[in-house]
Amino acid sequence: MTYPFELGPIRPVDEADSLLIRTTRNCPWNKCGFCVNYRDKKFSIRSTAEIKKDIESAADYFNGHRFSRCFLQDGDSLVVKTKDLLKILHHLKKYFPTLEIISSYGRSQSIIRKSPQELKEICDAGLNLLYCGMESGSDSVLNLINKGVNASQVVRAGNLAKQANMRLSEFIILGLGGTEYWQAHATATAEALNAINPDKIRVLTIGIKDGSDLQEKWKKGKFFLPTEENIIEEQRLLIENLNGITSHYANHHSVDLLMELRGQFPEDKPKLLSILDTFLNLNEHDKLNFILGRRLGIYRRIKDLENSSLYLLADRKLQDIGSSKRADLEQIFHSLRAQVV
Ligand code: SF4
């Protein structure tokens, strides 16, 4: 479908029904080791006049549709100068007065470059939700993936956004520290999240993309991918160390093994740990059966193991692989994961 205004390629899962307005093209950093979203694409900030024209064209096109949400594309709208961003937000509110939530990806680097006063003005003008790719709270992991920020900057950025009254959704990538840093990844990420208390914690599981720097490291033996079970152990350690927060926590992408893992802190922490323990306490065969079944879309949740026809189907698929070597199976699990991220 073609629209009379420019659209970028990506939006968060939660913004499926939102109005999309493109303020920047691609990503101003474009160097994270796991990411190929904007690889080889040049970053630019669109002119305010161009964006305002797009807002007007979108208003014409949608002809009075009462959007309640708008997402500003692409990788980081906070790199736009504050005075321009305020003009864009005022224009957006003028043409779409029913908007309640305006959101954007916000990198920590850009957030900490704005003053608390600027962030407050931006929030008051309508940009009241930031999606922040923390990925990890461990300096070793942030360094490994070339995130361009350290843990204390990530925490400062998160706190600045919250102090400005913005809602904040932090993304974490499980398995990102490999087998070397998995414990530091879990505990330091929990520490950073405890220090921020974001509104939402959204968890993704690593799937290494073709052409990424992380894939190069992996091929060269400089990064060792954890097994599915290790990643669940890592997540257990992360949740165990989340304390004093009131965030909503969720595995919400099909790349995550345990999609039922979602709940409100602090009250749902025991429930989350018990779901992880249910998986970890399975016998070895059932673990493999479940992982393959989930990766092939046979199962949706761990309870589906009780369905004997689904169980037999997953078992047949396991036999079809023709190998019981754990390393071979882990390769298959990973390649199935990598297809959905
Ligand atoms: S993860 Fe985000 S900040 Fe990093 S390169 Fe990709 S789009 Fe840019």
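Thr23 sits in the loop that connects strand 1 (19-22) with strand 2 (24-25), helices (H or I, at least four residues) and strands (E, at least two) being DSSP runs numbered from the N terminus. The structure is a predicted model, in which local features need pLDDT of at least 70 and side-chain atom pairs count only at pLDDT 80 or more, while totals for chains, interfaces and linings use all residues. Residues are numbered from 1 along each chain as its sequence is written, and side-chain values use heavy atoms, with hydrogens and water left out.

**Thr23 and its surroundings**

With a relative accessible area of 0%, Thr23 is buried, a term that stands for under 20% relative accessible area, as against exposed at over 50% and partly exposed in between (1.4 Å probe, protein chains only). Its side chain makes a polar contact of 2.8 Å with the side chain of Ser77; such a contact is a pair of N or O atoms within 3.5 Å, where within protein one must be able to donate a hydrogen and the other to accept it, and where residues adjacent in sequence count only if both atoms are side-chain atoms. Residues up to four places away in sequence aside, Thr23 touches Ile45, Arg46, Ile51, Leu72, Gln73, Ser77, Val80 and Ile88, contact meaning heavy atoms within 4.5 Å.

**Domains and cores**

The domain assignment divides the protein chain into domain 1 (13-281) and domain 2 (283-341), with bounds that come from an automatic or database domain assignment. Taken over C-alpha atoms, the centres of domain 1 and domain 2 are separated by 29 Å. To the contact, domain 1 gives 23 residues and domain 2 gives 20 residues.

The largest nonpolar core has 96 residues, of which Ile21, Leu72, Leu92, Phe96, Tyr249, Leu258 and Phe279 touch the most other members. Because domain 1 and domain 2 both give residues to this core, it lies between them. Apart from it lies another core, of seven residues, including Ile101, Leu129, Tyr131 and Phe171. A nonpolar core is here a set of buried Ala, Val, Leu, Ile, Met, Phe, Trp, Tyr and Cys residues joined through side-chain atoms within 4.5 Å. Ile21, not counting residues up to four places away in sequence, touches Ile51, Asp54, Ile55, Ala58, Cys70, Phe71, Leu72, Gln73 and Leu92.

**Strand pairing**

Strand 6 (residues 127-135) is largely enclosed by the rest of the structure, because eight of its nine residues are buried. Strand 6 pairs with strand 5 and is joined by bridges to strand 7; two strands pair if DSSP finds at least two bridges between them. Within these pairings, Tyr105 has Tyr131 of strand 6 as its bridge partner, and Cys132 has Glu170 of strand 7.

| Strands | Sense | Bridges |
|---|---|---|
| Strand 5 (residues 101-105) and strand 6 | parallel | four |
| Strand 6 and strand 7 (residues 167-174) | parallel | five |
| Strand 8 and strand 9 (residues 248-251) | parallel | four |
| Strand 9 and strand 10 (residues 262-264) | antiparallel | three |

Leu142 belongs to helix 5 and is buried, with a relative accessible area of 2%. Leaving aside neighbours within four places in sequence, Leu142 is in contact with Met134, Ser136, Lys147, Val149, Asn150, Ala151 and Val154. From Leu142 to Ser309 the separation is 167 residues in sequence and 43 Å in space, C-alpha to C-alpha.

Helix 6 (residues 151-163) has 13 residues and reaches 18 Å from its first C-alpha to its last, close to the 18 Å expected at 1.5 Å a residue, the expected span being 1.5 Å times one less than the number of residues. Its buried residues are Ala151, Val154, Val155, Ala157, Gly158, Leu160 and Ala161, and what covers them includes helix 3 (108-113), helix 4 (116-124), strand 6, helix 5 (139-144), strand 7 and helix 7 (182-196). After helix 6 comes Asn165, with a positive phi near 80°.

Helix 7, with 15 residues, should span 21 Å at 1.5 Å a residue, which agrees with the 21 Å between its end C-alpha atoms. The buried residues of helix 7 are His185, Ala186, Ala188, Thr189, Ala190, Ala192, Leu193 and Ile196, and their cover includes strand 6, helix 5, helix 6, strand 7, strand 8 (200-205) and helix 9 (228-240). Just after helix 7, Asn197 has a positive phi of about 55°.
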